[in-house]
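Welcome! Let us take a short walk through this structure, one stop at a time.

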Amino acid sequence: MNRPAQRIIIAVLALLLVVPIGVIGLNSALGPRDEEQQPEATSAPENPENRPTADPADQPPRPDLPRPEEPAGLTEQSPEGAQATLTYLLESYSYMMSSGDVSTWENSVDQQCQVCVSFLDNAQLLAEQDGYLVDGDFVVHSTTFSGTGEPPATGEVVADFTQEHSLLVDDPNLQPNALEEISGQLIAQIAWDGERWRVTDMSIAPEGSGASDGGGSGGASDAGGESAGA
């Protein structure tokens, strides 16, 4: 894949990270690109943002982060297990984006989840062009769960999070993209596959939607109302 196409994809990722909560959701920001968009992407300029150039030697070093260990809850069919799954995805994000190792997400997302797969594609593409994320850790302040069944087989997890300031190095010859700290709520649909929880869809809650209080989620059920701190 040529560089212009790569740069457009990474720009979409940057948009997701800095977009104000409530303006656009993950589904819109990281939806699948149809084939008709490909010719336009390949005709884009080399540096559409007109960013200043940089000496590759002056780029911030790639973080050497350890692979996060999976908590036991990922394989427990319980509200706590569902919440632990989304928490783990968020808390392992900076590792994935700095290392290019997508296994932490692959093991906990459904391959039919278009948003999830887009995250994986972007992380792999960033690694292929020798890019990486510096900082940008997610802090999960709290989670809530509403599910169906006893024990629950499907449900929704809402996470209140903050993502710290970060630098996205997507081209060694250009200055990094500075991404501001953001806070909000991430809503994840989740299902038990017989062995572990897998996220089947994700979106950002519109600002003021009250998702954690049930205002932006599907109906509560037998297992509804469970919550846990990060």
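A residue is called buried when its relative accessible area is under 20%, exposed when it is over 50%, and partly exposed in between (1.4 Å probe, protein chains only). What you see is a predicted model, in which local features need pLDDT of at least 70 and side-chain atom pairs count only at pLDDT 80 or more, while totals for chains, interfaces and linings use all residues. Residues are numbered from 1 along each chain as its sequence is written, and side-chain values use heavy atoms, with hydrogens and water left out.

Our opening stop is S94. With a relative accessibility of 5%, S94 counts as buried. You will find S94 in helix α5, which covers residues 93-99; helices (H or I, at least four residues) and strands (E, at least two) are DSSP runs, numbered from the N terminus. What does the side chain of S94 make a polar contact with? Its partner is the side chain of D137, at 2.6 Å. A polar contact here is a pair of N or O atoms within 3.5 Å; within protein, one must be able to donate a hydrogen and the other to accept it, and residues adjacent in sequence count only if both atoms are side-chain atoms. Leaving aside residues up to four places away in sequence, S94 touches L65, D135, G136 and D137, where contact means heavy atoms within 4.5 Å.

D135, one of those neighbours of S94, lies in strand β1. Its phi is near 65 degrees, a positive value in a residue other than glycine, and D135 is partly exposed at 48%. D130 also has a positive phi, about 65 degrees, without being a glycine. D130 sits in the loop between α7 (114-128) and β1 (132-135), and its relative accessibility of 48% makes D130 partly exposed.

Now move along to the strands β2 (residues 138-148) and β3 (residues 154-163), which pair in the antiparallel sense over 10 bridges. Two strands pair if DSSP finds at least two bridges between them. Across this pairing, V140 stands opposite F161 in β3. The hairpin has 5 residues between the strands, and G149 takes a positive phi near 100 degrees there.

Our last stop is the structure's 1 disulfide, meaning a pair of cysteine sulfur atoms within 2.5 Å. This disulfide joins C113 to C116, with an S to S distance of 2.2 Å. Both C113 and C116 are buried. The torsion about their S-S bond is about 65 degrees, so the disulfide is right-handed.
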